[in-house]
Amino acid sequence: MPRLSAAECGLLLIRLTFGLLLAGHGAQKLFGIFGGPGLAATGRSFDTLGYHPGKVFAVIGGLSELGGGLGLAVGLLTPLAAAAVIGVMINAMVTVSGAHGLWIQNSGVEYSVSICIVALALTAIGPGRLSLDRFFPWRSGGWFPAAVALGAGGIGAAIALSI
């Protein structure tokens, strides 16, 4: 096996950092761990945002963050993991942070945009050799996997926002 490059290790570091933090965010919603509100409180919050029934959408959002984050972290089904992340972040931008502008100190979209771009970039670049996707055609990224991630995430967000 060829020697590991700094780029391969860098991709792994980005995937693990963003993926595990996002998975933890989903676990906060679903299970109330890491200081999170848990499913019942998250469901009530989603109800106030206009998602009815709130608990169902809380499960969808929490699973999207948990599953998408874990998928990115280990590099498994990266385009689909990125789509889940992009979809839930678009929803967050539209319903929570979009009205507050760009910067996070005003509760703006800065954080959600950054997560979307990292997920999309990981798909475009490919998850790297240190991933479970290394056996699949999308292991090297490209325009098509990135388009699948962005398109599926956008469609998922549009469906959730229209219900």
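Helices here are DSSP runs of H or I with at least four residues, numbered from the N terminus. I use that numbering throughout, and I note at the outset that the model is predicted.

**Entry 1: loops and backbone angles**

I started with leucine 77, which sits in the loop between helix 3 and helix 4. I found its phi to be positive, about 50 degrees, although the residue is not a glycine. Leucine 77 has 37% relative accessibility, so I logged it as partly exposed.

Where else does a residue other than glycine have a positive phi? I found one at phenylalanine 34, with phi near 55 degrees. Phenylalanine 34 belongs to the loop between helix 1 and helix 2. Its relative accessible area is 63%, over the 50% limit, so phenylalanine 34 is exposed.

I then checked the peptide bond from histidine 52 to proline 53 and found it cis, with omega near -5 degrees. Proline 53 is in the loop between helix 2 and helix 3.

**Entry 2: the largest pocket**

I looked up the largest pocket and noted a volume of about 690 Å³. Its lining counts 35 residues, of which Phe46, Glu65, Val88, Asn91 and Ala92 are the closest to the centre. Two or more lining residues come from each of helix 1 (6-31), helix 2 (38-48), helix 3 (54-74), helix 4 (78-97), helix 5 (110-125) and helix 6 (143-162).

Which helix gives the largest share of this lining? I recorded helix 4, with 10 residues. By class, I have 19 nonpolar, 14 polar and two charged residues in the pocket lining.

**Entry 3: the cavity**

Rolling a probe the size of a water molecule over the atoms shows where empty space is left. I searched the whole structure for cavities of 30 Å³ or more and have one on record. The largest cavity holds about 40 Å³ of space. Its lining consists of Phe18, Gly19, Leu22, Leu72, Val85, Ile115, Val118 and Ala119. Helix 1 and helix 5 are the elements that give two or more residues to this lining. I sorted the cavity lining by class and got seven nonpolar residues, one polar and no charged.

I went on to lysine 29, in helix 1.

At 5% relative accessibility, threonine 42 is buried. I found its side chain 2.7 Å from the backbone oxygen of glycine 38. Not counting residues up to four places away in sequence, threonine 42 touches Lys29, Pro37 and Ala58.

**Entry 4: serine 97**

I placed serine 97 in helix 4. With a relative accessible area of 6%, serine 97 counts as buried. Its contacts, apart from neighbours within four places in sequence, are Ala92, Ser107, Gly108, Val109 and Ser112. I also looked up the separation of the C-alpha atoms of serine 97 and valine 85: 16 Å, for residues 12 apart along the chain.

**Entry 5: aromatic rings**

A pair of aromatic rings is described by the distance of the centres and the angle of the planes. How many aromatic pairs does the whole structure hold? My search gave three. The rings of tyrosine 51 and phenylalanine 57 have centres 5.2 Å apart and planes at 45 degrees, so I filed the pair as tilted. I noted both residues as buried, tyrosine 51 at 7% relative accessibility and phenylalanine 57 at 10%.

Phenylalanine 136 and tryptophan 138 make a stacked pair, at 4.8 Å centre to centre with 5 degrees between the planes. Phenylalanine 136 is partly exposed at 31%, and tryptophan 138 is partly exposed at 25%.

Last, I noted that ring pairs link Phe46, Tyr51 and Phe57 into a cluster.

Notes. Residues numbered from 1 in each chain as written. Predicted model: local features only at pLDDT ≥ 70, side-chain atom pairs only at ≥ 80, totals over all residues. Heavy atoms only, no water. 1 Å grid on protein atoms, 1.4 Å probe; cavity = no way out; pocket = protein on both sides within 12 Å on 5 of 7 lines; lining within 4 Å. Points joined across faces, edges and corners; volume = space filled by probe spheres on them. Nonpolar A, V, L, I, M, F, W, Y, C, P; charged D, E, K, R; others polar. Buried < 20%, exposed > 50% of the residue type's maximum accessible area, 1.4 Å probe, protein only. Polar contact = N/O pair within 3.5 Å; in protein donor to acceptor, adjacent residues only side chain to side chain. Contact = heavy atoms within 4.5 Å. Phe/Tyr/Trp six-rings, centres within 6.5 Å; stacked < 30°, edge-to-face > 60°.
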